[in-house]
Amino acid sequence: MATRYWIVALPVQSADGATVAAAKTALWSRLQDSISRHSFDTPLYRFTVPDLRPGTLDSLLALSDDLVKSNIFIEGVSHKIRRQIEDLERAGGVESGTLTVDGVPVDSYLTRFVWDEGKYPVNAPLKETVSSIQSQVAKIEDDMKVRVAEYSNVKSQLGQINRKQTGSLAVRDLSNLIKPEDMVTSEHLVTLLSIVPKYSQKDWLASYESLDTFVVPRSSKKLYEDNEYALYTVTLFAKVVDNFKVHAREKGFQIRDFEYSPEAQESRKQELEKLLQDQELMRTSLLQWCYASYSEVFSSWMHFSAVRVFVESILRYGLPARFLSVVLAPSTKSEKKVRTILEGLCSNANSSYWRSEDDVGVAAGLGGETESHPYVSFTINFV
């Protein structure tokens, strides 16, 4: 599937009493023939734009000023949703599927575009149609921000828990490393947990008994080791705990405050399981919403593109509206050749004005793009 398409509108000239429809058919045949002979690998499709309500020239000029900016916004929202879909599919280990509009792949929706008159009446003022599309897309973007923020909040909470469980022994949660038999707690004795630098373990084992006179001999046991530290227990009399902590700190050993509680450990486990369930439910829900919203935004974007073709064609070729709109997907190496073919089919007097490279600024002022051609042309990027 191509990810970049051109939407192009060529002027239609009727002569010798031929109808506009006949002239349009003849131009389409000439374009098909030229593409097949000189750039056969370039897909070519009709892009049917209905007879919309043009309004006055002033209203078209005013509307054209906003078309490019509005297109950037709508296209941007489309890409945001697509990227979010990719992130969610990757997070769930789901293979990326084909994005669709009402069950039709997005590339097919573009190349077989049909205007939805029930949603956008063709006799409505163009400004009203554009405003409706903008409002709908803006609402979807706002809704997306809220939904993504909620999902990100749960991910953040899980991230914090994971960091506590997988980080350095100096900061991580120790509860899943400790067993009941590792801890001694009585009226007079208590077990402390010491975080010992990995390369100071010999020093710890040689010195911990002498850090205070009331340390139980040979009571230290290594429970765990990571890349930086080792976790040791040490049992001593409760009355010397504070002194022992001071002396241990002076030697570079960190005594972690810890109280073994099966209830607290079970509570943390249940909290983690619930967050994992919540995250998966929210990921699935957000993904389904993104699929539906991408469909809605893409459809709106294509209708907006049809309005752009209509407005720019009238401003370029004049009234009544007589143009042939098509979709092409040329490869990079074929672009120059296809541009030459399209230019060769422009015999309209108004179009010849745009052939000068000095008139790029004027073209942009009429809702065009940075590049200037003697025909209406703009690019649709799917990604």
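How many aromatic pairs does the count come to? In this model the total is 14 aromatic pairs, where rings of Phe, Tyr and Trp (its six-membered ring) pair if their centres lie within 6.5 Å, and planes under 30 degrees apart count as stacked, over 60 as edge-to-face and the rest as tilted. The model is predicted: local features need pLDDT of at least 70, side-chain atom pairs count only at pLDDT 80 or more, and totals for chains, interfaces and linings use all residues. Residues are numbered from 1 along each chain as its sequence is written, and side-chain values use heavy atoms, with hydrogens and water left out.

One of the pairs is Tyr109 with Phe298, edge-to-face at 6.2 Å centre to centre and with 65° between the planes. Because Tyr109 belongs to helix 3 (residues 106-111) and Phe298 to helix 7 (residues 262-317), this pair ties together parts that are 189 residues apart in sequence. Helices (H or I, at least four residues) and strands (E, at least two) are DSSP runs, numbered from the N terminus. Tyr109 and Phe298 are each buried, that is, under 20% relative accessible area with a 1.4 Å probe, protein chains only.

Phe310 and Phe323 also make an edge-to-face pair, with centres 6.4 Å apart and planes at 70°. Phe310 is in helix 7 and Phe323 in strand 9 (residues 323-328), 13 residues apart. Phe310 and Phe323 are both buried.

Charges over rings come next. A charge sits over a ring if NZ of Lys or CZ of Arg is within 6 Å of the ring centre and within 35 degrees of the ring normal. Arg172 lies over the face of Tyr224, 5.5 Å from the ring centre. The charged end of Lys239 is placed over the ring of Phe214, at 4.2 Å from its centre.

Terms used. Buried < 20%, exposed > 50% of the residue type's maximum accessible area, 1.4 Å probe, protein only.
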